[in-house]
Amino acid sequence: MSRKLFRQSITVKLIALTILIVVCTCFIIGAFYYQQSRTQTEYAANKNIDNIINALLLAVENNASNANLIRTITILASEPEIVRFSIINPSSQTIIADSHNEYIDMSTVAAFHPVLSNQIELFVANGDNQRIFAKQNAEDQNHLNILRRVNMINPTYNRLRPYLIFIEYDISSDIAFQVSRFWYYMGVTFIGFMLLLLSMIYLQMHVFIKPLKQLAQQVGSQGLRPVDAFFDREIQVLVDSYNSHVKDLVTKQNELTQTRRYIDTIIKRIPVMLAYTDKDLRYQFMNSYYREWLGKPEQDILGKRVDELLPPLTFQTIRPHISQALRGITVNFDSQIISPQGEQRFVQVRYIPDIDTDGQVNGFFACIEDVTSRYRDEERIRLYATELEEKNIELERANLQAEDAVKAKSTFLATMSHEIRTPMNGVMGMLELISHTNLNKKQSEYLSLAQSSSSIMLDVINNILDFSKLEAGRVELDVQSINPTQLLNETAKVMAVKAAEKRLPLLLEISPHFPISIESDPTRIKQILVNLIGNAIKFTNEGYVAIRATFENSTLLISVQDTGIGMNEKQQAQLFRPFTQADASTTRKYGGTGLGLSIVKQLLELFNGRIKATSALEKGTTFSLRIPLHEFEINDTTEINLSDKNLLLVSPAVEIRRLFEPHCQQWSLPFSVISDPNEILSAIADHTNVIIDTLNIEHALFARLISMKNRFPKTNFIGLSPPSHPKIRPNPILASCDHTLTVPFCPTAIVHLLEEGIASPPAPSSMTTKLQPSSLQPKYLLIVEDNEVNQQVITAMLDQIGMRHRLAVDGNKALDTLTEEHQRFDMILMDCQMPVMDGYEATALIREGKVGDYYRTVPIIALTANALPEDRQRCLDAGMNDYLSKPLAIETLEACLERWLQPASRQDRPVA
C-alpha cells in the first residue's frame, strides 16, 4: 500500500526527496564541522605549548642548572592542561628535570611507556627537531605528546648543548567545549532545515498540488472560477490558459449583470414615468412611477389598452401624438392633463417609436415627466420676479432721491458757505481796513472784540464744512514729502500767538531722533494739531500747553498736553462725538460747536492712525496721536558736536528743562541747570552762555539778573521770551539781553544761537499795527465782483497796497471792459458766482482769446466764497492762475499780488 502510494503520489515523492537531501546535508555539515573543530583545538594546543617552551628558554637563558630547570618546570607545569613536563639529555637519554620529581635522573626507558620510549630513541637517532607522538592507549586519546629539541647553556661546560623537551598536553576540555558547540550548531542547523522542509512542503501543497486539484475539480464541475498557480511553468501555462478563458466569460457575464443592474436601477430610480406600448396600444412594460401614477398593480396594467386606463379627456389630448409615434416619428410635447385620480397635472411627454430592422413600427416608448411642482414654482418665481422688479424700481427711485438729497445737501452747504462767506468777507475786510487806521484805545478794544467774534464765526463755518465733507466721504489725503519738524514749528508758532493772549507758554518738545522727511498730508496734520492745540488753549487758564513729538517703530507719536480744567470719566466717554462737549456749562462758558475732536478722529482714521485722551479734573488733559508712516528719513544728529560750548539754564520749571536736556546730551553740550536764580552768581563765571527763563521768573528778579551783565562781559545773556502780541506789552528788560529765544522753538534754534548768535530778535517795544508800505510797483487791475460791500473791501485794500483798479459787476461786463479799455490790465481779480455770466465762463472766453491774445496769459485770480478743495480745482481747470478764498485778508491779497506781479512772473508761471 505504501509502495503504491509512493509510486502514484507526486507529493510523497517530493517530500521523501526533500527529507533525504536534508539528512545528507546535515551529516556532511556535521562531519566537516567536527574535523575543523579537532584541527582548531590541536592548533591552539600547539600554540600554547610553543608559548610554554619559549617561557622556559627565557627563564633559564642565563642559568640552565638542573635546580633552575626543575624549579621552572614546576612553575610552568602548574597549568591544568599539562599532564607531564620533562627535560631529557639526548646523549644519555636520562631525565634531568621533570614535573614529576620521581622521574628525575631516570632513563627514558624506565620513566616512559615503551611505545613512547621507542619514539624518543627514534627521534634522537633521526635528529628531528619536533615530533607529535601517537596516543599511547585509549585512556589518553585526548592527550598530545610533543617532543622538541632545544639548545641551552650547559652550566658545567658553559656552552650550548642540545636538550629534549617532552610535554604531555591534555586537550580533553577543549574537545568537550567543541563537542558542545558542535551539537548546538547541529541543533540550530537541524531546526533550520526542518523549517525549510516544512516551507517546501507547504509550497508544494499550495503552489503546485492545490492548483492541479482545483483545476481538476473546477473543470469537472464546469465552474467559472480562476485557479491560482505560481510555480511550475507547464502547469502555469495550463492554468493561465484556463484562467484567461474563465476571465473572459466572467467579464462578459459581469458586464451583462452590471448593465442589467444599471438599467433596472435607472428605471426604478429615475423620477419620470416610463412605459412601452405595442402598436395595438397595449401596455407591455412600465416602471414603478408609472404604476403609482395610474394607481394600479402591474397585473392590472399589462396587456390593457391605453384608452381603458386613462381618463377619456386625457386620451383625447394625447391621441394625435400617439398616432405620430406609430408612424415612426419621435414626438415631444407639453400638456395639461387630468390624472387617473382626477387631478390637474402639467406633464412633459416624449414618445420614441420602436422600429425593427425591417422598418416596421412595433410600438413606442413613453417617457412622461410630471412637472406640476416645477410649473407652479416657476409661476411663483415669475410673480416674485415681478414683485422684485417693482421693489428694485422703488429702491432705485429711493437711491436717486438719496443721491438728490446728497447733492442737495452739498449744494446747500456750498451755497450757504458762499452766502455766509460773502457778507463775512465784507465784515472782516472792513474790520481789517479799520484796524490800519488811527484809533484810540477804546476803539481798538471794540475793534479787537469784533475781529475775534468774526474769526470765531469763520471757524464754526469751517468746522461744519469739514464735518460735512468727512461724513460724505469726500476728503482724500494729499500725500507729499514734508519736514515734520518744520510743520510742527510753524503750527506751534501760529498757535503761540493765540496762547499768548491768555499769557500761556506754548512749548514744543521734539525728540532728538526725529524724521527730517516723511510722506504725508501736511494740511490735514496741521488741521489736526490746530484743533487740539486750540482746544488746549481754550480750556486752560493758567499753567502751560505742551506739544511733544517722538518717533517709534515707524510711527509718529504726538501728544498735546495742557494744565486746564480736565475731565471726569463720564465726560471722557463722550469725546469724539459730533456736536458734543464735556457738558452744557462748558459750551456756555467756552463756546464752540463740539465738532473739533470728531473731525480730528475722522481725519486720523484717513491716516490709519489713532487718538487717545487721558484726563483728570482740575489737572489737565493729554491727547496722544499715533500716525503710522510708510516712508520717512531719520535725522542724524550725531553730526552736531558742541562739546566746545557750554550752557547754563536758569529756570524753576521742569517742563522748560525738558526742552534742552535731551538735545544737549545728544550734541555733547555741557549743560547745567539752576532752579534758584539767587545761585546764579556762583555758577555764571564758569559759563559763556546763560539762558534765563523769563516765563517763570518774576520781572524784578529778572531785572536784577540782567543788572549783573556788565560784571560778566564774556557771557552771553539769552532771554527766554513769549511771542510778541499786540495786546501784550513785551518785557522791556529783554532788550538788554544779548539775544532772545522765543517760545516755542525747534531744537535747531539752540544750535544757531550758540554757533552763530542767531535767534529771535529782542521783542519790540511798541504796539503798532499799521500796515507797512508795499514793495510792489503800482499796477492796473480789473476787479470783477457783483457784491457792493465786497467791491468796497477789495478796492480799499488795493488802494492801501497802492494799486490802480477798475470795476466790472459781472463776467459779461468784464469782457466788454477788457475789449474797450485802451490801457492793458496787469491782473484780473475774478469772482466766480455772478449774475448774467459767472467767472468760470468769463475766464474760459478770455483764455480762448475772445478779448485778444494778450489776455490769454494775463494772471486771473479767483475770488470766491466757496471753500471746498474741488472749488479750487474747478477754478484752476477753468483757466485761472490762483485762488483766494473769502473772507479776504489784506496780507493774503498782497502776498498773491507779489507772487504774480513781480518781474518775469508771467513768463515763469504757466497758465493753469
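**Close-up 1. Glu387 and Lys391 pair within helix H11.** Glu387 is partly exposed, with a relative accessible area of 39%. Lys391 also counts as partly exposed, at 47% relative accessibility. Here buried means under 20% relative accessible area, exposed over 50%, and partly exposed in between (1.4 Å probe, protein chains only). The two side chains form a salt bridge, with the closest N and O atoms 3.5 Å apart. A salt bridge is a side-chain nitrogen of Lys or Arg within 4 Å of a carboxyl oxygen of Asp or Glu. Lys391 and Glu387 lie four residues apart, about one turn of the helix. The model is predicted: local features need pLDDT of at least 70, side-chain atom pairs count only at pLDDT 80 or more, and totals for chains, interfaces and linings use all residues. Residues are numbered from 1 along each chain as its sequence is written, and side-chain values use heavy atoms, leaving out hydrogens and water.

**Close-up 2. Glu379 and Arg382 meet in a salt bridge.** The N to O distance is 2.3 Å. Both residues belong to helix H11 (residues 372-435) and sit three residues apart, about one turn of the helix. Helices (H or I, at least four residues) and strands (E, at least two) are DSSP runs, numbered from the N terminus. Glu379 is partly exposed at 33% relative accessibility. Arg382 is partly exposed too, at 41%.

**Close-up 3. Arg806 bridges to Glu821.** The closest N and O atoms are 2.1 Å apart. Arg806 lies in strand E25 (residues 804-808) and Glu821 in the loop between helix H24 (811-820) and strand E26 (827-831), so the pair ties together parts 15 residues apart in sequence. Arg806 counts as partly exposed, at 30% relative accessibility.

**Close-up 4. Glu343, Arg345 and Asp370 form a network of salt bridges.** Across the whole structure, a search finds 15 salt bridges.

**Close-up 5. Helix H13 spans residues 484-501.** Its 18 residues reach 26 Å from first C-alpha to last, close to the 26 Å expected at 1.5 Å a residue. The expected span is 1.5 Å times one less than the number of residues. H13 bends by about 25 degrees at Met495. That bend is the angle between axes fitted to the seven residues ending there and the seven starting there. Met495 is one of the buried residues of H13, which also include Leu487, Leu488 and Ala492. At the start of H13, a side-chain oxygen of Asn483 comes within 3.0 Å of the backbone nitrogen of Thr485. Just after H13, Arg503 takes a positive phi of about 55 degrees.

How values were computed. Polar contact = N/O pair within 3.5 Å; in protein donor to acceptor, adjacent residues only side chain to side chain.
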